[in-house]
Amino acid sequence: MAVLSIRMIGDPILRTPAAEVTEFGPELARLVEDMTETMIDVQGAGLAAPQVGIGLQVFTYRVDGAEGHVVNPVLEVGGASQGESDVEGCLSVPGLGSFVDRSDWARVTGKDASGQDIAVEGTGMLARALQHETDHLRGTLYIDRLAGEDRKNALRAIRSADYNRVTSRTAEERSRSLGSSFTRSAAPSGSGGAGAAGRTGR
């Protein structure tokens with residue numbers, strides 16, 4: 001497995017809807033392994049393929065003991081709003097976070113890397129992660145769901161010269177792990193990543 005470079009806001013692939021996966025095989029399995037390793041390395045709660053420069057409908061997740069991946073996910077949401085229960089962040093928008101109105105229950109159905117049917121359902125933080133990652137596959141970032149002063153403040157921060165330094169510093173820190181390879185037995189098994197919004201980015 002290898003740690004991949006994470007694309008930052010401003011990269012066009014983050015705004016491009018991902019393509020449906022039509023071929024299931026070793027290449028897809030390797031992508032899922034690399035994405036999982038990358039997510040763990042940066043202590044993320046989830047990671048979508050466009051965030052590592054791959055325009056396919058694939059995401060990984062690791063939240064409160066639940067871990068896995070979904071290919072070609074179809075999202076359902078329901079229940080009450082989570083309100084301002086936690087601050088949501090994003091690995092592609094480092095250093096920022098905001099309250100985002102998400103449904104308290106979510107379910108995704110799709111395929112695993114071998115093409116078998118899969119379903120993931122959860123509430124709270126897992127529901128938030130499933131919604132966040134599915135948004136990525138649609139070319140949507142969490143900041144697009146902000147309104148009013150929250151949206152103005154986020155956009156103002158992103159446009160500032162200071163934010164360019166934040167993204168540059170983040171990219172430099174992450175580059176120290178790029179390309180690192182691990183055998184399955186040597187891969188980190190308990191390092192960070194169990195949290196989500198506010199505690200870690202996605």
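## Salt bridges

The count comes to 13 salt bridges, a salt bridge being a side-chain nitrogen of Lys or Arg within 4 Å of a carboxyl oxygen of Asp or Glu. The model is a predicted one, in which local features need pLDDT of at least 70 and side-chain atom pairs count only at pLDDT 80 or more, whereas totals for chains, interfaces and linings use all residues. Residues are numbered from 1 along each chain as its sequence is written, and side-chain values use heavy atoms, with hydrogens and water left out.

Select Arg-7 and Asp-11 to begin. Their side chains form a salt bridge with an N to O distance of 2.9 Å. Arg-7 is partly exposed because its relative accessibility is 30%; the term covers values between buried (under 20% relative accessible area) and exposed (over 50%), with a 1.4 Å probe and protein chains only. Asp-11, at 21%, is also classed as partly exposed.

Next, select Asp-144 together with Arg-15. A salt bridge joins these side chains at 2.4 Å, N to O. This pair connects distant parts of the chain, 129 residues apart: Asp-144 lies in the loop between α2 (124-137) and α3 (148-159), and Arg-15 in the segment before α1 (26-41). Helices (H or I, at least four residues) and strands (E, at least two) are DSSP runs, numbered from the N terminus. Asp-144 has 31% relative accessibility and is therefore partly exposed; Arg-15, at 39%, is partly exposed.

Which residue does Arg-62 meet in a salt bridge? The partner of Arg-62 is Glu-67, at 3.2 Å from N to O. Arg-62 is buried, with a relative accessible area of 8%, whereas Glu-67 is partly exposed at 45%.

## The whole chain and its sheet

Now display the protein chain as a cartoon. Its secondary structure comprises 4 helices and 7 strands, arranged along the sequence as α-β-β-β-β-β-β-β-α-α-α. Of the 202 residues, 46% count as buried.

Colour the strands next. An open sheet is formed by 5 strands in the order β1-β2-β3-β6-β7, with antiparallel pairing; two strands pair if DSSP finds at least two bridges between them. At the edges are β1 (46-48) and β7 (117-123), each of which pairs on one side only. From one strand to the next, the twist averages 30°.

Within this sheet, select residues 58-63 and 66-81. These are strands β2 and β3, which pair in the antiparallel sense over 6 bridges. Val-58 is placed opposite Val-71 of β3. Helix α1 packs on the sheet and touches β1, β2 and β3, its direction making about 40° with that of β2. Axes are lines fitted to C-alpha atoms, for helices over the stretch in contact, and angles run from 0 to 180 degrees between N-to-C directions.

## A residue of helix α1

Finally, select Thr-36, which belongs to helix α1. Is Thr-36 buried or exposed? Thr-36 is buried, since its relative accessible area is 17%. A polar atom of the Thr-36 side chain lies 2.8 Å from the backbone oxygen of Val-32. Apart from neighbours within four places in sequence, Thr-36 is in contact (heavy atoms within 4.5 Å) with Thr-60 and Glu-67.

Key: Polar contact = N/O pair within 3.5 Å; in protein donor to acceptor, adjacent residues only side chain to side chain.
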